[in-house]
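Hi there,

Here is the structure I promised to pass on. Have a look at it first, and then read my notes below.

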Amino acid sequence: MDIHESAENYLETILILSHRGDKVRSIDIVNELEFSKPSVSIAMKNLRTKGYIVMGDDGSITLTEKGQKIADTMYERHVAISDWLIFLGVDKKTALHDACKMEHVISEKSFLAIQKHIEEWKQAESG
């Protein structure tokens with residue numbers, strides 16, 4: 001994936017907001033990320049130009065297949081890494097903050113190793 005961390009964060013935020021229910025609009029992203037309206041507007045224009053999102057006539061934002069794939073990857077990494085850090089004894093607030101940074105820089109190989117470790121731990125716990 002050749003995409004900047006900030007774009008990954010925006011796509012993941014759109015995914016999370018869409019799971020909450022209503023249509024996602026730029027103002028929702030402004031409120032969620034606590035960014036300025038102009039910053040979000042520029043980001044949405046860039047994401048639209050690159051084919052990661054589409055904007056409806058009503059201002060609603062939808063992920064394209066390409067954008068959805070990246071958002072899903074970032075969200076999966078975020079959840080797995082934060083859960084892993086909490087399992088290791090890191091407090092939840094720190095784990096969530098650190099996972100947000102780590103999800104963007106971790107290699108696929110390292111992430112798969114973490115996932116494997118988590119699965120082995122879960123199997124050991126249940127059996």
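A polar contact here is a pair of N or O atoms within 3.5 Å; within protein, one must be able to donate a hydrogen and the other to accept it, and residues adjacent in sequence count only if both atoms are side-chain atoms. This is a predicted model, in which local features need pLDDT of at least 70, side-chain atom pairs count only at pLDDT 80 or more, and totals for chains, interfaces and linings use all residues. Residues are numbered from 1 along each chain as its sequence is written, and side-chain values use heavy atoms, without hydrogens and water.

Let me start with His 104, in helix α5 (helices are DSSP runs of H or I, at least four residues, numbered from the N terminus). A polar atom of the His 104 side chain lies 3.2 Å from the backbone oxygen of Cys 100, and a polar contact of 3.3 Å links the side chains of His 104 and Glu 103. His 104 is buried, at 13% relative accessible area (buried means under 20%, with a 1.4 Å probe and protein chains only). Beyond its neighbours within four places in sequence, His 104 is in contact (heavy atoms within 4.5 Å) with Glu 5, Glu 8, Asn 9 and Met 74.

Thr 13, in helix α1 (residues 5-19), is also buried, at 9%. A polar atom of the Thr 13 side chain lies 2.8 Å from the backbone oxygen of Asn 9. Not counting residues up to four places away in sequence, Thr 13 touches Glu 32 and Leu 33.

Enjoy exploring!

Conventions:
Helices (H or I, at least four residues) and strands (E, at least two) are DSSP runs, numbered from the N terminus. Buried means under 20% relative accessible area, exposed over 50%, partly exposed in between (1.4 Å probe, protein chains only).
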